[in-house]
Amino acid sequence: MSGLIITVAQQKGGSGKTTVAAHLAVAFARAGKSVGILDVDPQGSLGEWFERREATLGEDEAGLSFRTASGWGARREARQLAREHDIVVVDTPPKSDLEIRPAIEMADLVLVPVQPTPVDLWATAPTLAMAAKEGVASVIVINRAVSRALLTGEIIAAAGELGHAIAEAHLGNRVAYPQSMGEGRTVQETAPGGLAAEEVAALAREVLRRAQPR
Ligand SMILES: Nc1ncnc2c1ncn2[C@@H]1O[C@H](COP(=O)(O)OP(=O)(O)OP(=O)(O)O)[C@@H](O)[C@H]1O
Ligand SMILES: [Mg+2]
């Protein structure tokens, strides 16, 4: 048996990769899955979040297994984690080159977080192209949406031009995200029942629907 590998990638820095990776990992765990997380980013943000998580909740309650890897080591680590867990979530650095290819190659689904502006959307092209080249399905995830109204037809049309799937579930621009991450937790844990928690749960359900083991 091998678990699903979900890689979060986008060459643009600060698009929300680490936030999305941590939130999905916890959402999957809360849905009863065993979850491994793999940080391929030398910045180590996901690792810092996880350390804080262990400090806040204790090792047993953290509920996820954490590994790091760099470059080609990501393949082996992702495969190993997938043997031991239902789902592996991989966080990657803001790069579009060789450094993230192994994490893309191994994925069953690549999630590409993007802030809803045309410029940010254009920046997704190299990541989407890399996934396509590897024959891996990818989906754009709108992050930091200010309101649905501001997701104008322009953005949706531009994504359509790229020929690309956009997740129905969006994450809003909410202070609850950085706040919860700072405690090593996620909005489902710090603000259960809130809008942020709801949109994270919806995204997690949608990702599971879209992710087909290869
Ligand atoms: N939905 C959101 N609402 C509010 N703030 C957010 C949201 N998503 C991310 N942020 C904030 O935006 C910043 C960048 O997010 P994050 O670190 O997740 O991006 P990243 O793509 O992993 O960055 P990098 O490319 O440096 O790895 C962080 O300060 C984070 O707290
Ligand atoms: Mg990051």
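This is a predicted model: local features need pLDDT of at least 70, side-chain atom pairs count only at pLDDT 80 or more; totals for chains, interfaces and linings use all residues.
Biologist: How far is Val26 from Val200 in space, C-alpha to C-alpha?

Modeller: Val26 is found in helix 1, and Val26 is buried, with 25 other C-beta atoms within 10 Å. Leaving aside neighbours within four places in sequence, Val26 is in contact with Thr186, Gln188 and Glu189. Val26 and Val200 are 174 residues apart in sequence, yet their C-alpha atoms are separated in space by 9.7 Å.

Biologist: How many of the residues of helix 1 are buried?

Modeller: Helix 1 reaches 20 Å from its first C-alpha to its last, close to the 20 Å expected at 1.5 Å a residue, and is followed by Gly32, whose phi is positive, near 95 degrees. Helix 1 is mostly covered, and the number of its 14 residues that are buried is 13.

Biologist: Is Ala29 buried or exposed, and with which residues is it in contact beyond four places in sequence?

Modeller: Ala29 lies in helix 1 and counts as buried because 21 C-beta neighbours lie inside 10 Å, where the cut-off is 20 or more. Ala29 and Ala62 are 33 residues apart in sequence and 9.9 Å apart in space, C-alpha to C-alpha. Once neighbours within four places in sequence are left aside, the contacts of Ala29 are Val35, Gly63 and Leu64.

Biologist: Which residues touch the most other members of the largest nonpolar core?

Modeller: In soluble globular proteins, nonpolar side chains tend to be buried together. The largest nonpolar core here has 59 residues, and its largest share, nine residues, comes from helix 1. The members that touch the most others are Ile6, Leu24, Val89 and Val90.

Biologist: Which residues does Val90 touch, not counting those up to four places away in sequence?

Modeller: Val90 is one of the core residues that touch the most other members. Not counting residues up to four places away in sequence, Val90 touches Ile5, Ile6, Thr7, Val8, Leu38, Val40, Ala78, Ala103 and Ala107.

Biologist: How far apart in space are Ala78 and Val89, C-alpha to C-alpha?

Modeller: Ala78 is found in helix 4 and counts as buried, with 26 C-beta neighbours inside 10 Å. Beyond its neighbours within four places in sequence, Ala78 is in contact with Ile5, Leu38, Val88, Val90, Ala103 and Met106. Ala78 and Val89 are eleven residues apart in sequence, and their separation in space is 8.7 Å.

Biologist: Against which elements do the buried residues of helix 4 pack?

Modeller: The buried residues of helix 4 are Ala74, Glu77, Ala78, Leu81 and Ala82, and because they cover an arc of only 135 degrees around the axis, they lie on the same side of helix 4. Arg76 and Arg83 are exposed on the other side of helix 4. The buried residues pack against strand 1 (4-8), strand 2 (35-39), strand 3 (65-68), strand 4 (87-91) and helix 5 (101-105).

Biologist: Which residues come nearest to ligand 1?

Modeller: The shell around ligand 1 divides into five nonpolar, ten polar and four charged residues. Of the 19 residues around ligand 1, those that come nearest are Lys17, Thr18, Thr19, Pro94 and Pro178. The elements that give two or more residues to this shell are helix 1 (17-30) and helix 9 (176-182).

Key. Residues are numbered from 1 along each chain as its sequence is written. Chains are lettered from A and ligands numbered from 1 in the order in which they are written. A residue is near a molecule or strand if its C-beta atom, placed from the backbone, lies within 6 Å of it. Helices (H or I, at least four residues) and strands (E, at least two) are DSSP runs, numbered from the N terminus. Ala, Val, Leu, Ile, Met, Phe, Trp, Tyr, Cys and Pro count as nonpolar, Asp, Glu, Lys and Arg as charged, and the others, Gly among them, as polar. A residue is buried if 20 or more other C-beta atoms lie within 10 Å of its own, exposed if 12 or fewer, and partly exposed in between; C-beta atoms are placed from the backbone. The arc is that of the directions from the helix axis to the C-beta atoms. Two residues are in contact if their C-beta atoms, placed from the backbone, lie within 7 Å. A nonpolar core is a set of buried Ala, Val, Leu, Ile, Met, Phe, Trp, Tyr and Cys residues joined through C-beta atoms within 7 Å. The expected span of a helix is 1.5 Å times one less than its number of residues.
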